[in-house]
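Open the model in your viewer and keep the selection tool ready. The stops below say what to select next and what is there.

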Amino acid sequence: MRNLTRLTDEKLVTAFFNGDNTAFDTLLRRHQQRVFTYILNIVKNKDIADDIFQETFVKAITTIKQGRYTESGKFSAWLMRIAHNIIIDYFRQEKSENTMSADQEETDVLNRRDLSEENIEDLLVTSQIHTDVRRIMESLPEAQREVLDMRFYRNMSFKEIAEATGVSINTALGRMRYAVLNMRRIAQEKNIVLTR
């Protein structure tokens, strides 16, 4: 087995694109501390930083695997740009969720579904969605189903999932990505709506 730690980031990206998953593990180890520290310094919350960190690397994996990564500078700068954009999206979402004026005519603060108690119809719809999600999950391959269960029902981080399943973080992220894609495809084929 060759020593990947001596390869440049660009060579590791190429190796990962060509199917060598351990190349991405090397990239992750090389850059994770810097990226996570950057995110944490801005958001000031470890749980949020964990989520943004994981989303950054999922986006990096997806972009590389789709062949859309172009060498336009340093890989580390590209990673930081992805993290930065996700942080901006996070703050925009927070701002839009937390700043609502009752003075706006189109906004009825007192008649918002998310501020009212659930009625029997809401409970039935939620129950049906949960049933449909579980049914779709049952048709996924075991490894994908396991990652989904750990992430969404046990609230485990990708690092914890990787340790529990004995795979790399990259493999856990990949399984999650394929699980979500497969669930969307199955839902579409069976004409199942998974949101309200």
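The secondary structure of this chain consists of eight helices and zero strands, where helices (H or I, at least four residues) and strands (E, at least two) are DSSP runs numbered from the N terminus. This is a predicted model, in which local features need pLDDT of at least 70 and side-chain atom pairs count only at pLDDT 80 or more, while totals for chains, interfaces and linings use all residues. Residues are numbered from 1 along each chain as its sequence is written, and side-chain values use heavy atoms, with hydrogens and water left out.

**Whole chain**

Colour by secondary structure and read along the sequence: the pattern is α-α-α-α-α-α-α-α. Of the 196 residues in the chain, 37% are buried; buried means under 20% relative accessible area, exposed means over 50%, and partly exposed is in between (1.4 Å probe, protein chains only). Among contacts with a separation of 6 or more, 56% are between residues 24 or more positions apart. A contact here means heavy atoms within 4.5 Å.

**Helix α1 and its packing on α3**

Select residues 9-17, which form helix α1. Buried residues in α1 are D9, E10, L12, V13, A15 and F16. Just after α1, G19 has a positive phi of about 110°.

Two packed helices are described by the angle between their axes and the distance between the axes. For α1 and α3 the angle is about 70° and the axes are 9 Å apart. Axes are lines fitted to C-alpha atoms, for helices over the stretch in contact, and angles run from 0 to 180 degrees between N-to-C directions. The two helices α1 and α3 are therefore roughly perpendicular; angles of 65 to 115 degrees get that label, under 35 is roughly parallel, over 145 roughly antiparallel, and the rest oblique.

Ala, Val, Leu, Ile, Met, Phe, Trp, Tyr, Cys and Pro count as nonpolar, Asp, Glu, Lys and Arg as charged, and the others, Gly among them, as polar.

**Salt bridges**

Side chains of opposite charge can pair when their charged atoms come close. How many salt bridges does a search of the whole structure find? There are seven, a salt bridge being a side-chain nitrogen of Lys or Arg within 4 Å of a carboxyl oxygen of Asp or Glu.

D51 is partly exposed at 42% relative accessible area, whereas R151 is buried at 17%.

Next, select R134 and D149, a salt bridge whose closest N and O atoms are 3.8 Å apart. R134 lies in helix α5 (residues 120-138) and D149 in α6, 15 residues apart. R134 is partly exposed, at 35%, and D149 is buried, at 17%.

Then move to helix α4 (residues 75-98), which holds both D89 and R92, three residues apart, about one turn of the helix. Their side chains meet in a salt bridge of 3.8 Å, N to O. Is R92 buried or exposed? R92 is exposed, with a relative accessible area of 57%, while D89 is partly exposed at 42%.

Select α7 and α8: their axes come within 8 Å and cross at roughly 105°. That makes α7 roughly perpendicular to α8. The contact is made by F158, K159, I161 and A162 of α7 with I169, A172, L173 and M176 of α8. By class it has seven nonpolar, no polar and one charged residues.

Between α7 (158-165) and α8 (169-189), select S168 in the loop. The side chain of S168 makes a polar contact of 2.9 Å with the side chain of T171, and another of 3.3 Å joins the side chains of S168 and D25. A polar contact is a pair of N or O atoms within 3.5 Å; within protein, one must be able to donate a hydrogen and the other to accept it, and residues adjacent in sequence count only if both atoms are side-chain atoms. Not counting residues up to four places away in sequence, S168 touches D25 and A162.

**Last stop**

Select V133 in helix α5. V133 is buried, at 17% relative accessibility. Its C-alpha atom is separated by 8.7 Å from that of A187, 54 residues apart along the chain.
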